[in-house]
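Welcome, and take a moment to look over the sequence and the model before reading on. The report below walks through the chains, their interfaces, their arrangement and their pockets.

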Amino acid sequence: MYHFTALVTCLAILFYSFTGIQVSKARMAFGVKAPATSGHPDFERVFRVQMNTLEWMPIFLPSLWLFAIYIGDAAAAILGVIWIAGRVLYMTGYSQAAEKRGRGFAVQGLAAGILLLGALGAIVWRLIHA
Amino acid sequence: MYHFTALVTCLAILFYSFTGIQVSKARMAFGVKAPATSGHPDFERVFRVQMNTLEWMPIFLPSLWLFAIYIGDAAAAILGVIWIAGRVLYMTGYSQAAEKRGRGFAVQGLAAGILLLGALGAIVWRLIHA
Amino acid sequence: MYHFTALVTCLAILFYSFTGIQVSKARMAFGVKAPATSGHPDFERVFRVQMNTLEWMPIFLPSLWLFAIYIGDAAAAILGVIWIAGRVLYMTGYSQAAEKRGRGFAVQGLAAGILLLGALGAIVWRLIHA
């Protein structure tokens with residue numbers, strides 16, 4: 001079983017849900033009524049935090065699980081926690097100014113990259129040695 | 001095996017695909033040519049139904065499967081059907097007016113929340129008792 | 001184990017990541033600064049390639065894996081490769097003009113449709129014969 005990976009999956013989803021709740025709050029705070037998704041730069045940055053996290057979910061989650069299965073549960077979970085930490089940093093930075101989103105983005109991108117390329121390497125190794 | 005959860009997964013994807021087909025139809029009906037995603041409020045609401053369903057897929061699908069694995073196939077599938085029903089209600093409401101999207105949204109949010117928090121609780125319980 | 005399906009999953013994620021990198025490049029090339037996602041038609045088409053690939057990820061990935069589990073690893077992987085090829089065709093076409101996105105879209109839609117409906121059929125068959 002992959003209890004740690006499962007736990008980190010839930011935490012990542014909870015964080016991602018939080019970015020969605022922030023969009024609802026920003027809609028009210030800056031008067032951007034649905035279905036509009038633009039109209040105020042402060043709203044747009046909060047919206048882009050959610051959207052960018054959404055964009056990374058199909059990279060992160062499958063890579064996390066393939067890494068867990070092909071390499072190990074604990075290592076996957078640790079990288080998953082680093083990914084979430086990078087995402088939190090990205091969110092807090094981007095909420096202040098678009099220019100401040102770089103560092104958190106780099107951290108989460110690195111963690112996701114290691115998960116994806118690590119899994120890919122392990123899968124290829126297994127296919128060759130099967 | 002998780003036959004019921006697998007079945008509900010397919011049904012959820014079919015419904016989500018349907019919201020995408022509605023966007024193609026709305027593009028033609030309201031004259032919003034790709035790559036634009038705005039320009040007519042009736043189109044924008046149909047587009048937001050698809051986008052919001054997309055936003056919830058990485059919450060719903062992993063939560064559904066973790067709930068199925070850690071709690072049970074049948075219970076996960078029942079909550080999954082409720083999620084789809086809430087999504088259908090959200091779609092039909094939002095297609096009429098932005099104000100009518102609340103009830104369906106609440107139903108699907110509740111179902112997804114139970115799946116996520118139920119899975120999280122069961123994972124933590126297992127980790128403690130492992 | 002599902003080594004071929006796992007491999008194709010990584011390749012699909014790599015391709016999807018590539019569509020995101022193209023958006024970053026197009027932001028700089030056409031002067032569309034974050035958080036904006038519109039402002040120049042050439043940027044918007046590149047952005048829509050990424051968004052549309054994102055929209056299809058929750059259709060493709062779960063269908064691919066259910067097909068692999070219920071029907072077979074090799075067959076799923078071959079359809080997965082066809083899906084990626086259709087996506088590449090869609091990207092190269094759409095980058096040139098919105099009208100040239102049709103053929104690639106049809107190829108990937110057909111591959112994803114076979115994965116989804118094939119999996120659904122196999123799941124229903126199992127439920128009936130269980």
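## Where chains B and A meet

In this structure, 26 residues of chain B are in contact with 24 residues of chain A, where contact means heavy atoms within 4.5 Å. This is a predicted model, in which local features need pLDDT of at least 70 and side-chain atom pairs count only at pLDDT 80 or more, while totals for chains, interfaces and linings use all residues. Residues are numbered from 1 along each chain as its sequence is written, chains are lettered from A and ligands numbered from 1 in the order in which they are written, and side-chain values use heavy atoms, with hydrogens and water left out.

The size of an interface is often given as the accessible area lost when the parts come together. Chains B and A bury about 1900 Å² between them, with 78% of it on carbon and sulfur atoms; buried area is the accessible area (1.4 Å probe) that two parts lose on being put together, summed over both. Glu55(B), Leu116(B) and Leu127(B) supply 25% of the area that chain B buries against chain A, more than any other three residues. The count of salt bridges between chain B and chain A is 0, a salt bridge being a side-chain nitrogen of Lys or Arg within 4 Å of a carboxyl oxygen of Asp or Glu.

## Where chains C and A meet

Next comes the other interface of chain A. Here 24 residues of chain C are in contact with 26 residues of chain A. Chain C and chain A bury about 1900 Å² between them, and 79% of it is on carbon and sulfur atoms.

## How the copies are arranged

A rotation of 120° with 0.0 Å of shift along its axis superposes chain B on chain A, with an RMSD of 0.0 Å; copies are superposed by least squares on the C-alpha atoms of residues with pLDDT of at least 70 in both. That is the relation of a three-fold axis. In chain B, the C-alpha nearest the axis belongs to Pro58(B), 4.4 Å from it. The copies use different surfaces, as 8% of the contact residues of chain B recur in chain A.

Chain C is superposed on chain A by a rotation of 120° with 0.0 Å of shift along its axis (RMSD 0.0 Å). Pro58(C) has the C-alpha nearest the axis in chain C, at 4.4 Å. Again the copies use different surfaces: 8% of the contact residues of chain C recur in chain A.

## Inside chain A

Helices (H or I, at least four residues) and strands (E, at least two) are DSSP runs, numbered from the N terminus. The C-alpha atoms of chain A fill a box of roughly 60 × 25 × 20 Å, taken along the principal axes.

Most peptide bonds are trans. The bond from Ala34(A) to Pro35(A), however, is cis, with omega near 10°, and Pro35(A) is placed in the loop between H1 and H2 of chain A. In chain B, a cis peptide bond joins Ala34(B) and Pro35(B), with omega about 10°.

## The largest pocket

The largest pocket has a volume of about 1400 Å³. Of the 38 residues that line the largest pocket, the closest to its centre are Trp65(A), Trp65(B), Ile69(B), Trp65(C) and Ile69(C). On a 1 Å grid over the protein atoms alone, a pocket is an open set of points where a 1.4 Å probe fits, with protein on both sides within 12 Å along at least five of seven lines; lining residues have an atom within 4 Å of a point. Grid points are joined across faces, edges and corners, and a volume is the space filled by probe spheres set on the points.

By class, this lining has 35 nonpolar, 3 polar and no charged residues. Ala, Val, Leu, Ile, Met, Phe, Trp, Tyr, Cys and Pro count as nonpolar, Asp, Glu, Lys and Arg as charged, and the others, Gly among them, as polar.
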